[in-house]
Number of protein chains: 2
Amino acid sequence: MTVSRAAEKSSEKPADSAKGRKDAAEVQGQGAAGEALQLGELSEQLGYVLKRAQLKVFENFLRCMASLQLTPAQFSVLLLVEKNPGRNQTEIASTLGILRPNFVAMLDNLESRDLCARIRSTNDRRSHILVLTDKGKAVLARAKKLVATKHEARLNELLGQANREALIAMLAKVASEF
Amino acid sequence: MTVSRAAEKSSEKPADSAKGRKDAAEVQGQGAAGEALQLGELSEQLGYVLKRAQLKVFENFLRCMASLQLTPAQFSVLLLVEKNPGRNQTEIASTLGILRPNFVAMLDNLESRDLCARIRSTNDRRSHILVLTDKGKAVLARAKKLVATKHEARLNELLGQANREALIAMLAKVASEF
DNA sequence: TATTGTTATACTCTATAACTATA
DNA sequence: TATAGTTATAGAGTATAACAATA
């Protein structure tokens, strides 16, 4: 357990004062039983809607990719390696915001599925050059089609083409400049 | 380790074939050493920009809230309890997409800091009604001011008021309908 | 000495089963 | 029996230190 429950248990709750009990009595009648809660200002909070949207989009992505068993992170690795062949693990990982130690297991997975290969560099024998295998290229091509016809298409039908592009442009700006 | 490294080790890499070595030779010269990588299609991927934007926004939120030591999740709990007094843990947690077991430690934390209180319901003694303490109300008020003057203000200066509202509206739509 | 890939490790989030006390 | 809160636990994702091989 991260948050110490013992610390909480050992401190008397200040709400258990005379004033606290008065508040308790006041609140007992409130909160209309079966009704939906009001989000209030929460629905205007950037971080809140951003997080909820991200979870939904990832869920949809995973459903669209079920037949290929690719996560968003794995898809991003394949895309980046295809676009930048001849780069090493450190370069690919850091571009994606993945820490080098955490990239090892990811690559182990992709390599064990014969989607990607590590090649010892002849220039610098410390480096592993990353390349897509033929199977990796084929799977990525199929993945791109699924993304375009199922995932992006869903977003287009929800927002329209123009809004979809505007949304992505704004998110890219936030990601790079916020 | 989640992904079995043994499984990968036990399978010979298909890239270590005659064809694989030929590809390796081809790729060794590529990848201009010190230059930045090209994101390519990645910068158009909704999930990718969404995730990167979300991380940046949360980081900024945490910096703005450093003096109050409130995370985005904690802020959302305080906002929702203030807007919906008299509701129990299950209702507050599920509205926020937090699983009940995981909500316990969160509330322990907020209660130990005297921001929030659990009150045993008189109608149903299984339920804990949630309310903000006086300190919780005061801290939330200060938090709202910090969010408005630092966090939201930053987004406004980056996108402009109209675009900011459009962005949040689109994210809300994606979160609820995607 | 510095860097690449790697291991070990720890902390946070998230997810499920099962317990207790109430209903 | 069903539900609210809780505990224990397991799995992802993320973070840092340190090691071997190489530069």
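A: Leaving aside neighbours within four places in sequence, B:N88 is in contact (heavy atoms within 4.5 Å) with B:S127, B:H128, B:I129 and B:L130. This is a predicted model, in which local features need pLDDT of at least 70 and side-chain atom pairs count only at pLDDT 80 or more, while totals for chains, interfaces and linings use all residues. Residues are numbered from 1 along each chain as its sequence is written, chains are lettered from A and ligands numbered from 1 in the order in which they are written, and side-chain values use heavy atoms, with hydrogens and water left out.

B:N88 belongs to the loop between α4 and α5 (89-95) of chain B. Helices (H or I, at least four residues) and strands (E, at least two) are DSSP runs, numbered from the N terminus. With a relative accessible area of 17%, B:N88 is buried; buried means under 20% relative accessible area, exposed means over 50%, and partly exposed is in between (1.4 Å probe, protein chains only). The side chain of B:N88 also reaches the backbone nitrogen of B:T90 at 3.1 Å.

Apart from neighbours within four places in sequence, the contacts of B:Q89 are B:F103, B:L107, B:R118, B:H128 and B:L130.

In chain A, A:P85 lies in the loop between α4 (72-83) and α5 (89-95). A:P85 is partly exposed, with a relative accessible area of 26%. The C-alpha atoms of A:P85 and A:I129 are separated by 7.9 Å, although the two residues are 44 positions apart along the chain.

Residue 118 can also be examined in chain A. There, A:R118 forms a salt bridge with A:E111, with the closest N and O atoms 2.7 Å apart. A salt bridge is a side-chain nitrogen of Lys or Arg within 4 Å of a carboxyl oxygen of Asp or Glu. Side chains of opposite charge can pair when their charged atoms come close. Both partners are buried: A:E111 has a relative accessible area of 6%, and A:R118 has one of 12%.

A:D114, between α6 (100-112) and β1 (116-120) of chain A, has a positive phi of about 60 degrees although it is not a glycine. Most residues other than glycine have a negative phi, and most peptide bonds are trans.

The wider picture begins with the fold of one chain. Chain A has 8 helices and 2 strands, and from the N terminus on its elements run α-α-α-α-α-α-β-β-α-α. Of its 178 residues, 43% are buried.

The two chains can then be taken together. A rotation of 180 degrees, with 0.0 Å of shift along its axis, superposes chain A on chain B with an RMSD of 0.0 Å. The two copies are thus related as by a two-fold rotation axis. The superposition is by least squares on the C-alpha atoms of residues with pLDDT of at least 70 in both copies. In chain A, the residue closest to this axis is A:L167, at 3.2 Å (C-alpha).

The contact takes 91 residues from chain A and 90 residues from chain B. The area buried between the chains is about 8,300 Å², of which carbon and sulfur atoms give 65%; buried area is the accessible area (1.4 Å probe) that two parts lose on being put together, summed over both. The count between the chains is 2 salt bridges. In one of them, the side chains of A:E41 and B:K144 meet at 2.9 Å, N to O. This pair crosses between chains, from the loop between α2 (18-27) and α3 of chain A to helix α7 (residues 134-159) of chain B.

Key: A polar contact is a pair of N or O atoms within 3.5 Å; within protein, one must be able to donate a hydrogen and the other to accept it, and residues adjacent in sequence count only if both atoms are side-chain atoms.
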